[in-house]
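Thanks for coming, everyone. Please have a look at what is on the screen, and then I will walk through a few places in it.

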Amino acid sequence: MDVDEVPTQDYELIPHRGFGLITGIHDADDVDQIYDLEIRDTDVFVITYPKSGTIWMQQILLLLEAEGDVSSISQAGNNSDLVPWMEVKGTREAFITAPSPRLRVSHLPSRFMPAALSTRKGKVIYVARNPKDVLVSYFHFHKVANMLETPKDFNDFFEKFMTDRVFGGSWFEHVKTWYSHRDHMDMLFITYEEMIQDLSSVVQRISSLLGKDLTEEQLASVVKHSTFNNMKKIPQASYQQVSDDLLNHSQGVFMRKGTVGDWKNHFTVAQSERFDELFLREMQDFPVPFIWDIRDMK
Ligand code: A3P
């Protein structure tokens, strides 16, 4: 089907305290109550700007909890239900009484998240990905996700991303603000590219953050079952079982390429230069380097 023929959806991005919430998916009052939630030391929040590796981290957390036993998590249900989105309607209420450990993911800016995180209660794992690849992944995902407006073409989406007119808002603000909390939260700040480069060492760092004591063999199993190719084969992990109401599976897959540098297949030279200028302006004082090309990995 041509993208022009895709029926218009009922979902809309509505600004709420400087952040766009999606009607039907989020509820502003509910989101506002997240701030006051009581947090347990065992709570874990994975925070990402969309398309930065959220579902990858859901799989890693579940495998760590299961000590690498992949069959036990596959039987437990879909990863999206086991490690739900904090801001999605209904999640906050269930969170209050859920048994520990409460594993959650979120795309929310830090100002909406539980204040208790800033007293080093609970753990935060922030995953950042180079924003050119985020933009490309997000462009494709807009065709799949029914709650996101299907872009006319890549150029149309490029302009929307550059002017923060997408769910998640400004990538730059998201990453910088969360990073600024790293010293007063119990936070691990990692990049998607580090995960591509050395998944084993990232899994070990997460395991230490969570105070786990897994054997070498168990850790190796966590790594094995969270690689792109293996995760893709697990419908509960790769979102193939998410309802057709939310994802239009005929338009693409959640686990698309899983690589670094795909932006080169989409950006024009002019777009890349414009993006570089913005990146330099916004990120000149940001200390964490990003990798833009798979060939730059050692
Ligand atoms: P691409 O669209 O570039 O392939 P999120 O979960 O935050 O929505 O991010 C989705 C992106 O993470 C997709 O990127 C997806 O392929 C990638 N991804 C998910 N699991 C992965 C894995 N195990 N290894 C590498 N990339 C993964």
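Leaving aside residues up to four places away in sequence, Lys160 touches Glu149, Arg165 and Val166, where contact means heavy atoms within 4.5 Å. Lys160 sits in helix 7, residues 154-162, and helices here are DSSP runs of H or I, at least four residues, numbered from the N terminus. Lys160 counts as buried because its relative accessibility is 18%, buried being under 20% relative accessible area, with a 1.4 Å probe and protein chains only.

Residues are numbered from 1 along each chain as its sequence is written, and side-chain values use heavy atoms, with hydrogens and water left out.

The pLDDT, the predictor's confidence in each residue from 0 to 100, averages 94 over the chain, and 97% of the residues score at least 70. Over residues 1-8, however, pLDDT stays under 50, and where pLDDT is low, the predicted coordinates should not be read in detail.

Turning to helix 11, residues 216-224, its buried residues are Leu219, Ser221, Val222 and Val223, and these pack against helix 2 (54-65) and helix 10 (199-209).

Finally, the ligand: one of its oxygen atoms is 2.8 Å from a side-chain N or O atom of Lys51, and a backbone N or O atom of Gly258 lies 2.7 Å from an oxygen atom of the ligand.

Note on methods
This is a predicted model: local features need pLDDT of at least 70, side-chain atom pairs count only at pLDDT 80 or more; totals for chains, interfaces and linings use all residues. Buried means under 20% relative accessible area, exposed over 50%, partly exposed in between (1.4 Å probe, protein chains only). Helices (H or I, at least four residues) and strands (E, at least two) are DSSP runs, numbered from the N terminus. A polar contact is a pair of N or O atoms within 3.5 Å; within protein, one must be able to donate a hydrogen and the other to accept it, and residues adjacent in sequence count only if both atoms are side-chain atoms.
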